[in-house]
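Here is a short report on how the parts of one protein model pack together. Look at the structure first, then read on.

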Amino acid sequence: MPYELKGRNVLVTGGSAGLGALLSTTFASHGCNIAINYFNRIEPAQAVAKECESHGVKAVVIKADMTNCDEARRAVKETVEGLGGLDIVLANAGWTKFSEWKDLNSMSEEEWDRCWNANVKGPKALLTEAQEIFNNNPDGGHMITTGSIAGVSQGGSSMPYAVTKAAQLQLVKCLAVSVGPKIRVNTVLPGLLLTEWGLKYSEERIQQVKNAAALKHETFLDDCVDAFVMLAKNTSMTGMRIQVDAGLNVQGA
């Protein structure tokens with residue numbers, strides 16, 4: 001039975017830019033109230049909130065660092081306070097930096113930990129805090145993470161990112177079999193998204209990735225967001241991944 005999105009309360013981490021911003025405004029267009037989490041730039045978050053409100057829904061902005069589990073838990077609490085409840089968590093925030101794979105010291109121990117916190121411990125903290133709320137909801141709750149094809153391949157911005165996105169995929173599966181039947185946990189694995197972050201790749205590298213994809217283009221943001229909407233509505237899927245990558249990594253799908 002499809003899950004009706006209208007009237008749901010949604011927390012979008014990393015919701016002020018790129019994929020997160022489009023997730024926020026798209027779910028608002030489906031009638032959801034939105035809590036937009038941001039880290040350090042309030043103006044973009046406020047602009048996204050204004051666009052969400054244009055759809056006749058409530059929107060709040062929440063400053064929190066998703067590499068810190070205490071702040072992740074606080075974001076859930078502030079969402080409930082600001083919106084009056086919580087039905088869906090879109091765990092979109094992550095962390096990486098461009099580094100050289102062949103140099104095993106290209107990222108420090110602290111940076112490895114930051115990747116682990118953002119991409120694994122953060123989503124787990126979000127669901128842990130939301131679990132009781134979800135179980136008390138008549139229709140339960142749902143967390144969808146933003147994964148990456150880096151987690152099912154050997155490439156991407158950094159080795160720690162690929163390793164921790166692989167761990168996040170396993171986390172999604174482990175959580176899914178642990179928190180049902182009222183809670184669903186799924187993930188979307190995008191390929192190259194030409195967001196503010198994706199555009200930090202060189203033009204040459206971007207073209208190489210497009211050429212390597214079976215469909216010869218990047219992952220379109222709208223197509224990626226559609227996968228989140230589909231998963232949010234689908235009450236027969238949990239522990240699943242949807243790979244949206246223009247055929248960049250067919251073997252890993």
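Helices here are DSSP runs of H or I with at least four residues, strands are E runs of at least two, and both are numbered from the N terminus. The model is predicted: local features need pLDDT of at least 70, side-chain atom pairs count only at pLDDT 80 or more, and totals for chains, interfaces and linings use all residues. Residues are numbered from 1 along each chain as its sequence is written, and side-chain values use heavy atoms, without hydrogens and water.

The axes (lines fitted to C-alpha atoms over the stretch in contact) of H1 and H7 come within 10 Å and cross at roughly 50°.

Which residues make the contact (heavy atoms within 4.5 Å)?

| Helix | Residues in the contact |
|---|---|
| H1 | Leu19, Leu22, Leu23, Thr26, Phe27 |
| H7 | Leu221, Asp222, Cys224, Val225, Phe228, Val229, Ala232 |

Ten of these residues are nonpolar, one is polar and one is charged.

Now the core. A nonpolar core is a set of buried Ala, Val, Leu, Ile, Met, Phe, Trp, Tyr and Cys residues joined through side-chain atoms within 4.5 Å; buried means under 20% relative accessible area (1.4 Å probe, protein chains only). The largest one has 33 residues, and Phe27, Ile34, Leu90 and Phe228 touch the most other members. H7 gives the largest share, seven residues.

Definitions and conventions. Buried < 20%, exposed > 50% of the residue type's maximum accessible area, 1.4 Å probe, protein only. Axes fitted to C-alpha atoms, helices over the stretch in contact; angles between N-to-C directions. Contact = heavy atoms within 4.5 Å. Nonpolar A, V, L, I, M, F, W, Y, C, P; charged D, E, K, R; others polar.
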